[in-house]
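Here is a friendly set of notes to read alongside the model. Keep the structure open and look up each residue as you go.

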Amino acid sequence: MWAQYIAGSTKFPGVRIKGMDSRRKREMGRKSRDISKLEQRHWEQVNERRGLLELVRDAMATGLRVIRQDKYGWVVHAESEWQTHLQQLTHERGIFPINKSSMNEEELEWQLCPIEGWNDDRESSINEASMHSAAEFVKNDEVRVAEDKSDKELNDNGEYLIRPYLEPLERIKCRYNCERVVGLDKHDGIFLIGELSLYIIENFYIDESGCICEKESEDELSIIDQALGVKKDFSCNMDSVSKSISSWGATLKAYSGGRAWAYNGGAWGKEKVCNTGNAPHPWRNWKLDSVHELLKRDYQLRPVAIEIFSMDGCNDLLVFHKKEREEVFKNLMAMNLPRNSIIHAVPERNVWNLLYCNRVSCILFCFSFSPECSLQNESNLDKRSWYSDLTQYPVFPWVLADYESENLDLLDPKTFRNLRSQWVVKHQTGGGVQEEVESCYGTFINLLYLYEGWDDPEIPKFHYGSHYSSAGIVLFYLLRLPPFSAENQKLQGGQFDHADRLFNSVRETWWSAAGKGNTSDVKELIPEFFYMPEFLENKFNLDFGEKQSGEKVGYVFLPPWAKGSAREFIRKHREALESDYVSEHLHHWIDLIFGYKQRGKAAEEAVNVFYYYTYEGSVDIDSVTDPIMKASVLAQINHFGQTPKQLFMKPHAKRRTDRKLPPHPLKHAMLLVPHEIRKSSSSISQIVTVTDKVLIAGTNILLKPRTFTKCVAWGFPDRSLRFMSYNHDRLLSTHEDLHHGNQIQCVSASHDGQLLVTGADDGLLCAWRIGQGGPFALRHLQLEKALCGHTGKITCLRVSQPYMMIVSGSDDCTVIIWDLSSLVFIRQLPEFPSPVSAIYVNELNGEIVTAAGVLIAIWSINGDCLAVVNASLLPSDFILSLTGSTFSDWLETNWYVSGHQSGDIKVWKMVHSSSEESAQIEETENPTGGLGLGGKVPEYRLILHKVLKFHKFPVTALRLSNDLKQLLSGDSDGHLVSWTLRDESLRASMKHR
């Protein structure tokens, strides 16, 4: 091109140069554009590859982070499992036993048992697990990788922070900020709904962008409180003490041989702890199939809470944002929880239609009712959210006015408090329900004058500035029981109140509440007055100081009719609650607390109006903008009382008292007549009554709950365990080598039929989870845990699901109580003089009856020996079977039956040592029966009431029907006998009386 340009330029210099220059420019422009496109394409490819590399790097970083957090999770869970195994190794019957007497008092802690059931206060020998090694591992490793975290990681919704606390392969579907209520404290954290479990992890929060963040300090104000508009100084905690890992956890002096109320986590006793930053992270998870019930609850008179009940009896009260509570509940219900029990129903007008025999359950029913729960679901009646929230503790009435007599006369109306009134006429005179004008008239007039003369445009009229139920009253009564004693101290600024103001005498407390000298005291009672003697005793030797008189405060002074026994006080007090007089008048008290006299004109006429903040709906807390005012309202609600929900708008019906209870066959054992109803081909080991049917099981056979259409058999030459149909006509499954070549000696099952416990001749107990659902469910047995404690073969075994415990007896002369929920050692009863041959657990009151040779002993659920007796003069007349009465948890519960090697059936009555019946029996030389009770003598005695003779062979099974119609007995030769009362004999006996 350049040669042409040069040649042309010589001929046509002007034209040629101009044309060639234009062509050159176009060519250069084209090439420049091509080069630019190539460069652009190159950089696009480079950026694309760089982006792909970034994605690969991010994916690898995420994977490594997940692996790292999974590693932390395994460490955390491994530490938790190790502490469980360590406890199993070092308990007093473990491989490396640590004797309690060798431990410092500071090392012994107590744990409030969180299970359902009334007397479920049991000893826990588990010391709080230290998680420092896991925490340091996590913390140090996080420091090493902190510099490598990219912005991408930090914006990963923060889920990597909580991964250690999740189940493997868990996927979170929903997450919410929440608070867990424990006593008077709230522990904030996050609530997670996963595909496998539900979780609550403390000291995390979800910010406005939805990212999970870790709290810098445990004392930071929670997200929910921030949204409510309160300040830290007014966050409803009146103490200045920093919250510990669990506000209910505190070390106390341990009572030697004491009970198990107590410790490590309070109502949240199964929590685990890990420190991954500046604040500890207690957490808990619920498997979806373990969630038993969900209930909507109020907290601080606001509809913001949900209570979760699990199958192991634990419950947790969780508080959410008001606008999120319904969403949380809806998402939980959408999970189709297998065991969930939620039914919406309209309130019944008459609680007596639901509950006949149990007055305690009736009052608890009223207290625990919410519109979202079903009154038709009786399993909801004994749910105890009040152990989580002290401000909503149930209120029970004073029922007695006589705390001075030597003997309590329940037929005299003057013995009882007037249930028509809240305060001024609690006392009765002249056998009626008249006002005690002489002592209370002036105060009564002052109350009415104050009410009528009240003139405040902002505060409505009220009769009482105090309340009949509050957290302070609960802690006043329960100051002798951990963890309430620690809460009581926190409420008083770190120490107990002055000794003269503590709960020290039932009589003096009644005088104050009845208006004698204290016009501002209107306190009622709490449920423990009717079922728990331990709260009246200072078993932990707490130092409450001395009164001005120099008297040291210790055990509570009881009325003379209690004979110095807390257990007798509870028994007689409960008897008074269930008496005919209270039956005829309790509906008046229900009208005051739950009914139409709670509010309005009827409340004014009944002198039953309290400060308006105590009523639900009286103030809209969310609409209060002033944080100081809002804090004041919340403090009033939290600490000065809350009136229960109003359930009944019309006068409540009076409970019928004309219903007659069936005669107790053991009480009338003199009139029992035997009838042989069946003859089996083998020895009878178990008797079960299902409606009108009587089912029996032979040697080495257990009828499987709940339907009892299947049975479990053992003792075969191949040492297997087999599931079969009831008639043994069909083999369902066979399980071999469950105890590694050792023969199974006994088997027991939980009431729901889901857990099987086996005991073998090697002294080992194994808990097995039975597969759920499908025709082949019985083919799967999953080992939950092996329990080591006995050194001889297991001879007898009982599983009590209402009290969540396993009781096992052995040839090594020991009885051990295990926790059914956590499958850990609880305690060993004192050693027996001979091998243990039979165990019976009363499912209503938790009493444990043991037989060793000819010795019968009755124990409380906390291991206190109540009564001991040598049942036979013949050392060879061993006791082979035991039973008791389960008709009622308060009426005629002191009857027991033993079956003997000789074929005799003996009926026993347990009476207090101060009773007239006990005085007629000669004192024995050895009142402890050879048991090592530390010098203590049982306060009750077993009196032989009747010996029933019919069997010619050893009596191997006993059963008292729940309807009290018959006593069933079976012997080793297969004879099944029914002992019943003849109507004509009973009528004749009644006439003679």
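1. A definition to begin with: a residue is buried when its relative accessible area is under 20%, exposed when it is over 50%, and partly exposed in between (1.4 Å probe, protein chains only). Please also remember that this is a predicted model, in which local features need pLDDT of at least 70, side-chain atom pairs count only at pLDDT 80 or more, and totals for chains, interfaces and linings use all residues. Residues are numbered from 1 along each chain as its sequence is written, and side-chain values use heavy atoms, with hydrogens and water left out.

2. Let's start with charged pairs. A salt bridge here is a side-chain nitrogen of Lys or Arg within 4 Å of a carboxyl oxygen of Asp or Glu. The whole structure has 33 of these salt bridges. One of them joins D316 to R284, with the closest N and O atoms 2.7 Å apart. This pair links distant parts of the chain, since D316 sits in strand β9 (residues 315–319) and R284 in strand β6 (residues 283–287), 32 residues apart. Both D316 and R284 are buried. As for the names, helices (H or I, at least four residues) and strands (E, at least two) are DSSP runs, numbered from the N terminus.

3. Another pair to find is E202 and R180, a salt bridge whose closest N and O atoms are 2.4 Å apart. E202 belongs to strand β3 (residues 197–202) and R180 to strand β1 (residues 172–182), so the pair ties together parts that are 22 residues apart in sequence. E202 is buried at 2% relative accessibility, and R180 is buried at 1%.

4. Now turn to strand β22 (residues 805–810): how many of its six residues are buried? Six of the six are, so β22 is largely enclosed by the rest of the structure. M805, V807 and G809 point one way, while I806, S808 and S810 point the other way.

5. What are the neighbours of β22? Two strands pair if DSSP finds at least two bridges between them. Strand β21 (residues 794–800) runs antiparallel to β22, joined by six bridges, and strand β23 (residues 815–819) is also antiparallel to β22, with five bridges.

6. Finally, the turns. The hairpin of β21 and β22 has four residues between the strands, and M804 in the turn has a positive phi of about 50°. In the hairpin of β22 and β23, also with four residues between the strands, C813 takes a positive phi near 70°.
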